[in-house]
Amino acid sequence: MLSSLSVPFASLVRGRGAVRPAAAALVSGLVAVGVLAAAGQAVADGTTPGQGGAIATIGGLKTYGDAVIHGEEGDQQVSAGLFGMSVDGGGMLQTYCVDLYNPTQKDAKYRETPWSGTSLGANKDAGRIRWILENSYPQVNDLAELARKAGIGAEFTEQDAAAGTQVAIWRYSDAADVDAVDPQAEKLADYLYKNAGSAAEPSASLTLDPPAVSGRQGELLGPVTVRTDADSVAVAPPADAATTGVRIVDEDGEDVNTAKNGTELFFKVPSGAADGTAELTVHASTTVPVGRAFASEGRSQTQILAGSSESTVTATASAAWAETGSVPALSAAENCAEGGVDITAANRGDEPFTFELLGTEHSIPADTTRTVTIPLQEDQAYDFTITGPGGLEKRFTGVLDCLTETSTMTAGESTQILSEPSPATVGGTSEELNLAATGSSGATPLIGGVAIGLVIIGGTALILVRNKKSPTND
């Protein structure tokens with residue numbers, strides 16, 4: 001999380017992903033992925049892969065100190081500490097950065113995300129980062145006790161605690177050579193880094209498993225299991241339930257309005273209903289587990305949760321049904337280990353569901369579930385739609401953000417400052433370039449402009465064909 005960083009524009013600047021010699025090359029290299037469907041209605045609203053949980057907007061650094069990054073270009077002073085996020089529907093989050101060299105966009109929207117969808121998924125030290133979160137500020141808010149454990153005898157402030165914790169995290173999340181400026185903060189960073197144990201990835205605050213089901217009219221479609229640490233979850237029926245007659249029920253066919261962890265939900269589709277789809281939403285109020293990752297919907301640095309108030313969390317699941325033929329249930333999740341997006345299709349019909357992705361034909365036999373990984377480059381924007389029977393249409397959009405590697409920029413490629421603090425420099429550099437904070441201003445941010453360009457430039461067409469003859473199995 002670089003919130004103030006100054007280097008000459010012409011110098012090599014740390015970023016992420018492949019080397020980017022110029023903005024034009026970046027745009028042409030990161031191709032938006034489109035899907036041309038063989039059948040279906042108008043494309044529905046974009047769906048970002050995710051597993052449910054909290055959705056929040058980043059609000060800037062709240063408690064922080066200074067740190068120095070030591071690198072080939074010299075020493076660079078940055079701000080290190082806690083971000084604040086406001087949760088959609090109510091609640092506040094505190095987060096640290098686990099994506100040091102990636103910019104932060106002003107007011108970026110974030111979603112609670114499994115580690116597998118971020119750089120943490122392939123980081124052998126991710127468990128150590130969670131240990132640091134559990135054993136430092138703000139989870140440990142007794143500063144005197146924290147100072148005693150770290151061997152700090154002088155005055156110790158919240159700013160020192162936040163900066164020291166962030167520096168220790170960066171050493172594991174980004175393998176960064178970084179030190180806290182304040183001696184007390186540096187002692188804490190050293191203590192946390194040297195003593196960090198390992199802790200498992202925390203469970204999602206709220207999710208539905210699986211996120212998509214399918215079947216025939218007159219059947220109970222499911223089950224969809226609620227996974228949550230909330231005491232109670234509200235269950236909302238499909239928006240068009242009054243006209244379709246689709247209900248959310250338990251295994252006995254009784255209507256369900258509330259649920260808890262482990263509750264199994266089903267879509268009850270009336271016999272004789274037209275082929276179609278439906279979606280249920282569950283929501284609750286709970287504290288989000290410390291250590292949950294938060295990934296942005298665009299290009300904004302990945303965060304990890306350090307503290308949560310009582311917050312609103314949500315999850316959705318969809319159902320599709322058809323009288324004959326294939327009946328696919330479609331879902332997606334970013335898979336950083338494989339460098340792409342996993343598309344999972346569960347075909348509960350009596351014919352194969354066959355489609356072509358990136359020149360490869362795949363066929364999911366009847367009553368079979370398979371996952372197809374769409375390979376993407378780091379930082380690549382994607383936007384594709386898959387259709388099925390009964391007007392089924394699933395759109396998946398996002399940006400693959402899995403790495404914390406370095407890259408280069410050329411002169412004139414600038415980003416903008418989030419809000420605070422003001423820039424600071426070690427070693428006397430001149431023109432200002434902030435890698436952790438981008439937002440709107442008179443200058444067009446590189447990342448914002450690229451995000452728009454990726455959607456409209458030509459790309460790889462993913463042709464999807466349903467129920468072709470003589471399919472080739474994947």
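Cys97 is buried (under 20% relative accessible area, against over 50% for exposed and partly exposed in between; 1.4 Å probe, protein chains only), because its relative accessibility is 0%. This is a predicted model in which local features need pLDDT of at least 70 and side-chain atom pairs count only at pLDDT 80 or more, while totals for chains, interfaces and linings use all residues. Residues are numbered from 1 along each chain as its sequence is written, and side-chain values use heavy atoms, with hydrogens and water left out.

**Disulfide**

- The whole structure contains one disulfide, defined as a pair of cysteine sulfur atoms within 2.5 Å.
- The bond joins Cys336 and Cys402, whose sulfur atoms are 2.0 Å apart.
- The S-S torsion of Cys336 and Cys402 is about -80°, so the disulfide is left-handed.
- Cys336 sits in the loop between strand S18 (328-335) and strand S19 (340-347), and Cys402 in the loop between strand S24 (393-399) and helix H7 (446-456), so the pair ties together parts 66 residues apart in sequence.
- Helices (H or I, at least four residues) and strands (E, at least two) are DSSP runs, numbered from the N terminus.
- Cys336 is buried at 11% relative accessible area, and Cys402 is buried at 9%.

**Negative surface patch**

- Glu251, Asp252, Glu254 and Glu264 form a negative surface patch; patch residues have over 30% relative accessible area and no salt bridge, with like charges joined within 9 Å and nonpolar side chains (Val, Leu, Ile, Met, Phe, Trp, Tyr) within 5 Å.
- A salt bridge is a side-chain nitrogen of Lys or Arg within 4 Å of a carboxyl oxygen of Asp or Glu.
- Glu251 lies in the loop between strand S11 (247-249) and strand S12 (258-259).
- Glu251 is exposed, with a relative accessible area of 57%.

Methods. Areas by Shrake-Rupley, 256 points an atom, 1.4 Å probe, with all protein chains shown as cover. Lys, Arg positive; Asp, Glu negative; His and termini not counted. Charge placed at Lys NZ, Arg CZ, Asp CG, Glu CD.
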